[in-house]
Amino acid sequence: MGLFADCHVFLYNKRNENRKAEQAVAEYKGNSIELLHKTIEEKDAQIQELQKTIQELNITVANLNETLEEFRRKFFGTSRERAAGRVPDEEAGQKDQTEKSTVRSHTRRKPKAKREELYKNLPVREVRCPMPENQRLCPDCDTVMETIAWQFVREELRITPAKVERIQYMQEVLACPVCREEDTGTIVKAPVPTALLAHSPASPSMAAFVMYQKFLNSVPFYRQEMDWLQMGAPLARETTSNWCIKCALTYFEPVYDRLHEYLVKRDLLHADETVCQVLHEEGRAAASTSYMWIYLTGNDGLPSIILYDYQPGRAGNYAKNFLEGFSGLLECDGYTGYNSVENVILVCCLAHCRRYFFEAVPAARRKKIKLLDINSPEEIPEDAADPEKAKESKRIPAEIGLCYCNKLFRIERTLKAMSPEERKNKRLELEVPVWDSFWSWLATVEPLGGSLLEKAVNYAANHKELLGNYLLDGRCEISNNRAERCAKSYATGRKNFLFHDTVNGARSSAIIYSLVETAKANNLNVFQYLYTLLLYMPDYKQEPAGVEAMMPWNDFIKERCSKVMDTETETPENRGQIPL
């Protein structure tokens with residue numbers, strides 16, 4: 001029994017040990033599996049994190065490549081948006097022969113103007129070519145022949161280069177002989193025209209020509225200095241610069257202020273701004289960026305007014321102060337500074353929105369795209385304005401967004417000749433469905449973070465209401481290109497003169513540019529308008545009626561400034577009076 005009991009105990013203990021061993025093994029396996037699962041989960045998390053990092057790096061690389069391509073385009077490529085590639089000369093003939101069938105029939109060209117129409121404003125002088133005396137006898141009977149007609153042979157243009165003269169005013173002095181005998185000595189002097197600038201050789205024609213050269217032809221003062229020297233009049237650039245500043249602030253500013261009063265009374269305006277630099281401005285470094293603001297009237301059927309305003313910054317208060325008293329529609333870009341202007345409805349420019357989509361298109365495809373306006377000589381091609389076709393052909397989102405914008409511009413081109421009311425009704429009929437489709441499509445676009453496409457999508461989404469405000473009034477334009485063209489006029493001059501030396505120089509430039517661009521917009525001869533202002537304003541700058549007579553739409557101005565340059569018909573000594 002004892003041995004049996006010992007065996008039974010042994011077996012029992014052995015069984016317990018085996019059970020414990022099995023439990024330990026099972027527990028070890030469970031722990032190992034759990035540890036393995038945990039390790040796998042950690043590795044999966046690491047893999048996901050690495051995949052996320054790789055995706056972010058790929059996005060960063062793509063964005064940096066976009067940025068690099070954009071910098072390359074801006075610094076080394078064409079500065080125009082109409083970025084069509086040039087065809088080498090040796091290939092041009094082949095292209096003309098092989099692609100004649102691709103010329104679009106809808107492209108219209110203006111008929112070539114006749115010479116009589118082109119030169120109708122030029123004075124005409126006949127040059128008669130008589131027969132020499134020794135050839136006036138009849139070759140048959142030797143009788144002296146008579147003139148029966150003067151036959152037209154040809155016409156040519158002749159120019160008399162600019163000529164500078166020294167005009168010395170000699171004042172007549174009268175004395176009464178009877179009073180002289182009575183020792184009263186009565187002496188009377190003849191009236192003399194008012195000097196444009198005291199103790200200066202500047203005349204209305206000289207000052208107007210300097211302004212005409214710089215602010216219309218973009219010829220800076222230092223180049224004019226060389227030209228004056230060739231004409232025998234060594235005028236330093238500092239002298240001509242002072243003429244412009246003094247004449248603008250003394251004689252032109254009253255006209256500018258009056259135009260400003262008319263401007264803010266309108267109910268439809270455009271606005272834009274561009275950078276400039278002033279070297280000597282109190283409290284600011286020479287390299288500081290200043291701004292030239294541009295404000296102009298819209299397509300309201302009234303005479304055009306274009307005003308420039310120099311300001312040291314781009315804060316919205318500058319626009320708010322300049323447009324104080326204005327109430328209506330203000331067309332501009334998406335700059336938030338215009339939100340400061342009170343009592344206005346902002347109308348955002350579609351051209352800016354389209355430009356963001358254009359810049360998001362890869363450079364290789366962008367070269368084949370032309371950004372055409374409704375006033376461009378060439379019409380936007382139909383295939384470039386069909387977003388549905390672009391979707392079917394699986395074009396990239398940037399190109400689809402561009403097609404939507406082009407479609408709206410293409411429709412606008414067909415509405416140009418309509419009255420404002422008809423245009424508004426047609427817009428609601430034809431363009432609202434395009435906008436609805438555009439916003440529905442835009443909601444489905446998922447651009448990469450930080451990409452150019454994201455900027456385009458965000459710009460459109462953030463300005464959704466403002467982009468559609470042009471539908472409120474048929475006089476509104478779909479883009480702010482009217483203001484951008486005026487900004488380009490200043491930018492062209494800035495490219496030549498580079499900077500303004502003083503604040504007064506910047507202010508005077510703003511005033512003169514305003515009068516030049518307003519004269520152009522009202523179909524006046526720019527030189528003649530500047531000359532007429534300088535001819536009359538010395539005597540009329542304090543008279544409101546005289547300033548009013550200088551408005552570009554006044555009959556007095558239209559009569560004198562609608563033809564070619566003329567400084568001989570009216571001069572300071574025989575100019576006459578303004579009919580007030």
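This is a predicted model: local features need pLDDT of at least 70, side-chain atom pairs count only at pLDDT 80 or more; totals for chains, interfaces and linings use all residues.
Rings of Phe, Tyr and Trp (its six-membered ring) pair if their centres lie within 6.5 Å, and planes under 30 degrees apart count as stacked, over 60 as edge-to-face and the rest as tilted. Take F209 and F527: their ring centres are 6.3 Å apart and the planes meet at 75 degrees, so the pair is edge-to-face. This pair links distant parts of the chain, with F209 in helix α5 (residues 204–215) and F527 in helix α19 (residues 526–540), 318 residues apart. Helices (H or I, at least four residues) and strands (E, at least two) are DSSP runs here, numbered from the N terminus. F527 is buried, with a relative accessible area of 3%; buried means under 20%, exposed over 50% and partly exposed in between, using a 1.4 Å probe and protein chains only.

Another edge-to-face example is Y335 with Y338, whose ring centres are 5.9 Å apart and whose planes are at 85 degrees. Both Y335 and Y338 are buried, and they belong to one aromatic cluster together with W293, Y295, Y318 and F322.

Before going on, a word on the conventions: residues are numbered from 1 along each chain as its sequence is written. Local features need pLDDT of at least 70, side-chain atom pairs count only at pLDDT 80 or more, totals for chains, interfaces and linings use all residues, and side-chain values use heavy atoms, leaving out hydrogens and water.

Rings also meet charges. A charge sits over a ring if NZ of Lys or CZ of Arg is within 6 Å of the ring centre and within 35 degrees of the ring normal. The charged end of K214 sits over the ring of F497, 4.6 Å from its centre, while R354 lies over the face of F409 at 4.2 Å from the ring centre.

F497 brings us to helix α17 (residues 481–497). The expected span of a helix is 1.5 Å times one less than its number of residues; for the 17 residues of α17 that gives 24 Å, which agrees with the 24 Å between its end C-alpha atoms. F497 is one of the buried residues of α17, along with N481, A483, C486, A487, S489, Y490 and G493. After α17 comes L498, whose phi is positive, near 70 degrees.

Helix α15 (residues 452–462) has its own buried set: L452, L453, A456, V457, Y459 and A460. These cover an arc of only 160 degrees around the axis, so they lie on the same side of α15, where the arc is that of the directions from the helix axis to the C-beta atoms.

Which residue sits in strand β6 (residues 306–311)? Y308 does, and at 0% relative accessibility Y308 counts as buried. Y308 and I511 are 203 residues apart in sequence, yet 6.6 Å apart in space, C-alpha to C-alpha.

K120 is exposed, with a relative accessible area of 53%. The side chain of K120 makes a polar contact with the side chain of E117 at 3.2 Å. Such a contact is a pair of N or O atoms within 3.5 Å; within protein, one must be able to donate a hydrogen and the other to accept it, and residues adjacent in sequence count only if both atoms are side-chain atoms.

Finally, the cysteines: a search of the whole structure finds zero disulfides, a disulfide being a pair of cysteine sulfur atoms within 2.5 Å. The sulfur of C138 has its closest cysteine sulfur in C141, 3.8 Å away, which is too far for a bond.
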